[in-house]
Every structure is written in C-alpha cells, then in structure tokens.
Amino acid sequence: MIGRIRRAGLVLGAGLLFAASSALAQAPAPSEETPEMFPAGPNRDEAFYACIACHNFKLVAAQGLSREKWGETLDWMVSKHNMPALEAEERGKVLTYLAETFPAKAPAQQGGWKNPFLN
Ligand code: HEC
C-alpha cells in the first residue's frame, strides 16, 4: 500500500518536471523573470519592477537608447499604455539604470561590417 502511494508520488513528480521544462522553452512571461537575469547595476530592481507589470523586461533590455530617449519611452508608456507615472525620484532611478545599462549604440558600432562570431 505504502509502496503504491510512493510510486504515485514519483509519477506526479515527473509530470511536474516535464511541465516546468516545457514552460522554460517558451519566451519568459513576466512572472518567470527575475531582476538577476539582467545586468547588475544601481537601481536594477526599481527599473525591473516598474516595467514588468505589463510586459517582460527582455523587451526593455532589447533596446539601446540615450537617457533622453528612455525618458520619452517612459512618457510614452504613461500616455499611451496607462503606465502609472513614476515619482520624480523613482523616475530618475529607473532612467539611470536604463540609460547606463542599455545605452544608445555608438555610431561607429551601427554601420559597417560586424563579425558575427564576436556577438
Ligand atoms: C501599464 C503597462 C505598461 C508598463 C508598466 C510598461 N509598459 Fe512598456 N509597453 C506597454 C505596452 C502595451 C507595449 C506594447 C506597445 C506596442 O504594441 O508597441 C509596451 C512596449 C514597450 C517597449 C517596446 C517598444 C518597441 O519599440 O517595441 C519598450 C521599450 C517599453 N515598453 C519600455 C517600457 C519600460 C522601460 C517600462 C518601465 C519603466 C515599461 N515599458 C512599462 C505597456 C507598459
């Protein structure tokens, strides 16, 4: 009897493992991301949690923008997508992380041939 219950537990465990690994194969949903998945820097947590209410942070990290353009992006999230406006201090922190971690690419990097093996 006990043996049977144990075996049932094992089967259930394997099923859960399978479900977890197939979920990993998909793009991360906001709830599966953690701040640690992104480059360390001051205010990382603030930026992460300000943005993941609606979409994953990977979408944010894919951009490279100047501080000014990041500011425009925040304004756009607020005016167009109903993001709650950030307090001035919070906004400054978020902008600092975004602009320092995902800066606009230098013009020299944009044009010309890129060695695909260096990426
Ligand atoms: C209240 C919801 C909400 C919040 C909070 C939010 N966004 Fe967005 N964001 C959206 C939606 C909706 C889209 C999809 C827009 C579209 O369809 O182009 C989007 C798209 C984006 C994009 C992609 C733009 C593109 O060119 O594809 C960027 C970058 C972005 N958001 C940055 C941010 C940042 C940075 C934060 C946090 C400071 C943030 N968002 C927080 C709703 C939100």
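**View 1. Overview of the fold.** The protein chain has six helices and zero strands; helices (H or I, at least four residues) and strands (E, at least two) are DSSP runs, numbered from the N terminus. This is a predicted model, in which local features need pLDDT of at least 70 and side-chain atom pairs count only at pLDDT 80 or more, while totals for chains, interfaces and linings use all residues. Residues are numbered from 1 along each chain as its sequence is written, and side-chain values use heavy atoms, with hydrogens and water left out. The order of elements from the N terminus is α-α-α-α-α-α. Of the 119 residues, 20% count as buried, where buried means under 20% relative accessible area, exposed over 50%, and partly exposed in between (1.4 Å probe, protein chains only). Among contacts (heavy atoms within 4.5 Å) with a separation of 6 or more, residues 24 or more positions apart account for 59%.

**View 2. The iron site of the ligand.** His 55 (NE2) and Met 77 (SD) coordinate the iron atom of the ligand at 2.0 to 2.1 Å. His 55 lies in the loop between α2 (44–51) and α3 (57–61) and Met 77 in helix α4 (residues 67–81), so the pair ties together parts that are 22 residues apart in sequence. Donors are N, O and S atoms within 2.8 Å of the metal (3.2 Å for Na, K and Ca); water is not among the atoms, so sites may look incomplete. The arrangement is octahedral because the six donor atoms around the iron atom subtend angles of 85 to 179°. Six donors count as octahedral if opposite donors are over 155 degrees apart and all others between 65 and 115. His 55 is partly exposed, at 22% relative accessibility, whereas Met 77 is buried, at 16%.

**View 3. Helix α4 and its two faces.** α4 has 15 residues and spans 20 Å from its first C-alpha to its last, close to the 21 Å expected at 1.5 Å a residue; the expected span is 1.5 Å times one less than the number of residues. Its buried residues are Trp 70, Gly 71, Leu 74 and Met 77. They cover an arc of only 115° around the axis, which puts them on the same side of α4; the arc is that of the directions from the helix axis to the C-beta atoms. An α-helix has 3.6 residues a turn, so residues three or four places apart point the same way. The exposed residues Glu 68, Ser 79 and Lys 80 are carried on the face turned away from the buried side of α4. The cover over the buried residues of α4 includes α3 and α5 (88–101).

**View 4. The buried face of α2.** In α2, the buried residues are Arg 44, Ala 47, Phe 48 and Cys 51. Seen down the axis, they fall within an arc of 100°, so they line one face of the helix. What covers them includes α3 and α5.

**View 5. The largest nonpolar core.** The largest nonpolar core holds 16 residues, and those with the most contacts inside it are Phe 57, Val 60, Trp 70, Tyr 97, Leu 98 and Phe 102. Such a core is a set of buried Ala, Val, Leu, Ile, Met, Phe, Trp, Tyr and Cys residues joined through side-chain atoms within 4.5 Å. At least two residues of this core come from each of α2, α3, α4 and α5. α5 gives the most, with five residues.

**View 6. Surroundings of Phe 57 and Phe 102.** Phe 57 is found in helix α3 and is buried, at 0% relative accessibility. Leaving aside neighbours within four places in sequence, the contacts of Phe 57 include Ala 47, Phe 48 and Cys 51 of the chain, as well as Tyr 97, Leu 98 and Phe 102.

**View 7. Ala 61 in α3.** Ala 61 is found in helix α3 and is partly exposed, with a relative accessible area of 22%. Not counting residues up to four places away in sequence, Ala 61 touches Phe 38 and Phe 102. Ala 61 and Thr 101 are 40 residues apart in sequence and 8.4 Å apart in space, C-alpha to C-alpha.

View 8. Asn 82 lies in the loop between α4 and α5 and has a positive phi of about 60° although it is not a glycine. Asn 82 is exposed, with a relative accessible area of 68%.

Notes: Tetrahedral: all angles 85-135°; square planar, octahedral: opposite > 155°, others 65-115°.
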